[in-house]
Amino acid sequence: MKNCKKILSAILVASMAFSLAGCSSVKAIDKKDFKNALKELKLDDEMREYKGDDIEYYGYDEDDIKYLARVWDDDQWYMFIQFEDTEAAHDYFEDEFYDDIMDVKEDKDFDGKLKTKLSKSSGYIILKGESESDDFMEGDIYGGIYFKNDVVVVALASSDKKSDIKDIDTFLKSIGYPKP
């Protein structure tokens, strides 16, 4: 009986570990995946794409950016940035988003659900709540910021409207990313 309990416990622990690992994974996507996911939404604005010299400078070395696409619609914001390499994507994700959200968390300026993860080749910030920080979006916020290999993807709503949340969820489900 003791051996049976030990085996059952080991199976349960292993299944929990696998299920938790699956919930927090971010897979690699390309610009085609990004565009296809946006097609499922009914957004008012057209997507703006930037390549090479057309890329706008956002306080980052634009020589490291190969491709940038972004779209926004009222309270929703979507962005796909492909960098020259994983290191550049990691640095951008960490400097522009991860460090700021960790400061917001440390200062207790976020009320709600917040999950973060960062490694050398992937990471995410998943949010559902309200921010009281000027450093990282103020007010209601729903969605996530994701990094995998040489790509950073942003899908955020600065509202708690059901239609905005539904759009963010639809987009994230389409690309296979975890949602809040």
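This section describes the fold, the last helix, the aromatic pairs and the salt bridges of a predicted protein model. Residues are numbered from 1 along each chain as its sequence is written. Local features need pLDDT of at least 70, side-chain atom pairs count only at pLDDT 80 or more, totals for chains, interfaces and linings use all residues, and side-chain values use heavy atoms, with hydrogens and water left out.

The protein contains 4 helices and 7 strands, taken as DSSP runs (helices H or I, at least four residues; strands E, at least two) and numbered from the N terminus. Their order along the sequence is α-α-β-β-β-α-β-β-β-β-α. Of the 180 residues, 39% are buried; buried stands for under 20% relative accessible area, exposed for over 50% and partly exposed for values in between, with a 1.4 Å probe and protein chains only. The exposed surface comes to about 10400 Å², of which carbon and sulfur atoms supply 47% (Shrake-Rupley method, 1.4 Å probe; for residues, only the protein chains shown count as cover). Among contacts (heavy atoms within 4.5 Å) between residues at least 6 apart in sequence, 52% join residues at least 24 apart.

Helix α4 spans residues 162–175 and has 14 residues. From its first C-alpha to its last, α4 reaches 20 Å, close to the 20 Å expected at 1.5 Å a residue; the expected span is 1.5 Å times one less than the number of residues. Buried positions in α4 are Asp164, Asp167, Ile168, Asp169, Phe171, Leu172 and Ile175. These buried residues pack against α2 (31–39), β3 (76–83), β6 (139–148) and β7 (151–157). After α4 comes Gly176, with a positive phi near 75°.

The whole structure holds 9 aromatic pairs. Rings of Phe, Tyr and Trp (its six-membered ring) pair if their centres lie within 6.5 Å; planes under 30 degrees apart are stacked, over 60 edge-to-face and the rest tilted. One of the pairs, Phe34 with Phe171, is edge-to-face, at 5.6 Å centre to centre and 85° between the planes. This pair links helix α2, which holds Phe34, to helix α4, which holds Phe171, across 137 residues. Phe34 is buried at 0% relative accessibility, and Phe171 is buried with a relative accessible area of 0%. Tyr92 and Phe97 are also edge-to-face, because their ring centres are 5.8 Å apart and their planes stand at 75°. Tyr92 is buried at 6% relative accessibility and Phe97 at 7%. Phe34 and Phe171 belong to one aromatic cluster with Tyr67, Tyr78 and Phe80. Over the face of Tyr67 lies Lys31, 4.4 Å from the ring centre (cut-offs: NZ of Lys or CZ of Arg within 6 Å of the ring centre and within 35 degrees of the ring normal).

The search of the whole structure gives 2 salt bridges, each a side-chain nitrogen of Lys or Arg within 4 Å of a carboxyl oxygen of Asp or Glu. Lys161 and Asp75 meet at 3.6 Å, N to O. Lys161 is in the loop between β7 and α4 and Asp75 in the loop between β2 (65–73) and β3, so the bridge ties together parts 86 residues apart in sequence. Lys161 is partly exposed at 41%, as is Asp75 at 26%. Lys161 also meets Asp164, at 3.9 Å, N to O; Asp164 is buried, with a relative accessible area of 5%.
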